[in-house]
Amino acid sequence: MMKNVLVTGGCGFIGSNFIRHMLEKHPNINILNLDKLTYAGNPDNLRDLEDHPCYGFVRGDICDASIVNNVMKNVDTVVHFAAESHVDRSILDGDAFVTTNVLGTHTLLKAALEHKIKRFIHVSTDEVYGSIMQGSFKETDILEPSSPYSASKAGSDLLALAYHNTYKLPVIVTRCTNNYGPYQFPEKLIPLFVTNLMQGKRVPVYGTGKNIRDWLYVLDHCSAIDFILQNGTDGEIYNIGGGEEKTNLEITRMILRLLEKDESMIEYVRDRPGHDFRYSLDISKLKRLGWSPSYRFEDALEATVKWYVDNRWWWEKLKR
Ligand code: NAD
């Protein structure tokens with residue numbers, strides 16, 4: 001069924017890993033990547049695929065209906081990653097978050113309907129559920145997003161599901177926990193800390209560092225979306241996670257150890273306003289369908305740190 005796939009936001013962290021994964025696993029598909037190339041979109045992420053016969057790139061905004069309608073011609077599947085994705089930036093100014101995440105998603109949904117798309121994966125986040133002190137969120141739990149970022153993602157999730165309910169657009173919503181791995185913009189915790197330490201700078205830990213996140217290696221996220229593309233049911237929501245809950249301080253200490261640095265490199269900074277204490281997802285629905293993560297956290301974190309150590313060329317210019 002899947003032959004011509006439109007990926008939005010493919011020059012970002014997860015989108016670029018996903019395109020590489022799909023072209024490796026499915027030699028018979030074509031991928032067209034629509035990306036605006038914001039500060040987070042980096043053509044270097046896909047430099048190795050530029051001449052791949054099954055890969056094409058269009059620079060454009062998902063809010064621009066004429067571009068979106070053009071790229072959707074001859075497409076059967078959409079995997080929608082494009083978003084403004086950094087919580088701290090959304091707290092400083094939410095405009096671009098509402099525009100891209102809500103209006104941009106709506107533009108894509110309208111075009112998908114027009115072009116009779118057969119499967120539309122809307123890639124979302126565990127942050128839409130908000131914080132949970134004990135237990136884990138199921139797909140049926142209510143949404144209580146805290147930041148302008150997560151609120152805009154929650155809005156886009158609901159729009160996507162409404163297009164299934166109202167028009168029977170074959171939409172699936174995925175909600176994933178924190179990702180880590182190669183090609184992540186060095187403003188996010190793991191690449192920021194690794195690259196700061198490599199530059200001899202300290203690492204800023206919010207508050208006391210007790211906030212808890214569940215972590216998933218980016219290639220596991222890619223394999224989960226690939227699996228859902230083939231096995232998921234229209235109109236459903238699937239949580240995706242690694243079952244690897246860690247405090248920010250635990251992650252920081254692991255990174256310090258891997259880079260042979262000590263705790264004097266930690267700088268405790270004022271907590272983020274509205275900082276969610278803990279995210280946790282129940283992923284039993286996806287496990288029952290047949291998917292599980294395959295990377296062990298300790299191994300994948302070590303491989304990730306090594307990737308940033310070996311690929312200074314990639315991140316150094318992004319930090320200037
Ligand atoms: P990212 O910030 O690294 O990449 C976003 C990409 O979208 C960039 O290439 C950017 O140029 C592009 N983009 C932004 N606005 C656009 C627009 N208006 N039109 C076209 N392209 C645009 O993000 P990421 O970390 O790769 O996240 C991808 C998706 O996964 C997002 O929807 C995010 O909400 C979701 N997600 C991320 C994580 C995580 O830990 N990073 C976890 C769960 C879900």
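Valine 79 of the chain stands opposite isoleucine 121 in β5. The structure is a predicted model, in which local features need pLDDT of at least 70 and side-chain atom pairs count only at pLDDT 80 or more, while totals for chains, interfaces and linings use all residues. Residues are numbered from 1 along each chain as its sequence is written, and side-chain values use heavy atoms, with hydrogens and water left out. Helices (H or I, at least four residues) and strands (E, at least two) are DSSP runs numbered from the N terminus.

β4 and β5 are paired in the parallel sense over 4 bridges; two strands are taken to pair if DSSP finds at least two bridges between them. Strand β1 (residues 4–8) also runs parallel to β4 and is joined to β4 by 4 bridges, with valine 78 of β4 as the bridge partner of leucine 6. From β4, Thr77 and Val79 point one way and Val78 and His80 the other way, and all are buried, that is, under 20% relative accessible area, against over 50% for exposed and the range in between for partly exposed (1.4 Å probe, protein chains only). On β5, parallel pairing with strand β6 (residues 171–176) extends over 6 bridges, and phenylalanine 120 has valine 171 in β6 as its bridge partner.

In general, strands of a sheet pair through backbone hydrogen bonds, either parallel or antiparallel. Here an open sheet of 7 strands has the order β3-β2-β1-β4-β5-β6-β10, with parallel pairing. Its edge strands, β3 (55–59) and β10 (237–240), each pair on one side only. From one strand to the next, the twist averages 20 degrees.

Two helices that lie across the sheet were examined. α5 lies across β5, β6 and β10 and runs at about 155 degrees to β5. Helix α7 (residues 218–231) lies across β4 (77–80), β5, β6 and β10, at about 145 degrees to β5. Axes are lines fitted to C-alpha atoms, for helices over the stretch in contact, and angles run from 0 to 180 degrees between N-to-C directions.

Helix α1 (residues 13–25) packs with α7 at an angle of about 60 degrees, their axes being 9 Å apart. α1 and α7 are therefore oblique to each other, since angles under 35 degrees count as roughly parallel, over 145 as roughly antiparallel, 65 to 115 as roughly perpendicular and the rest as oblique. The contact (heavy atoms within 4.5 Å) is made by residues including Phe13, Ile14, Phe18 and Met22 of α1 and Leu219, Cys222, Ile225 and Leu229 of α7.

The loop between β5 (119–125) and α5 (148–167) contains proline 145. Proline 145 counts as partly exposed because its relative accessibility is 29%. Although 18 residues separate proline 145 from glutamate 127 in sequence, the two are 6.3 Å apart in space, C-alpha to C-alpha. Leaving aside neighbours within four places in sequence, proline 145 is in contact with Glu127, Val128, Ser150, Ala151 and Ala154.

In helix α8 (residues 248–258), the buried residues are Asn248, Leu249, Ile251, Thr252, Met254, Ile255 and Leu256. The elements covering these residues include α6 (189–198), β8 (203–206), β9 (212–217), β11 (245–247), β12 (266–269) and α10 (297–310). α8 is followed by glutamate 260, which has a positive phi near 55 degrees.
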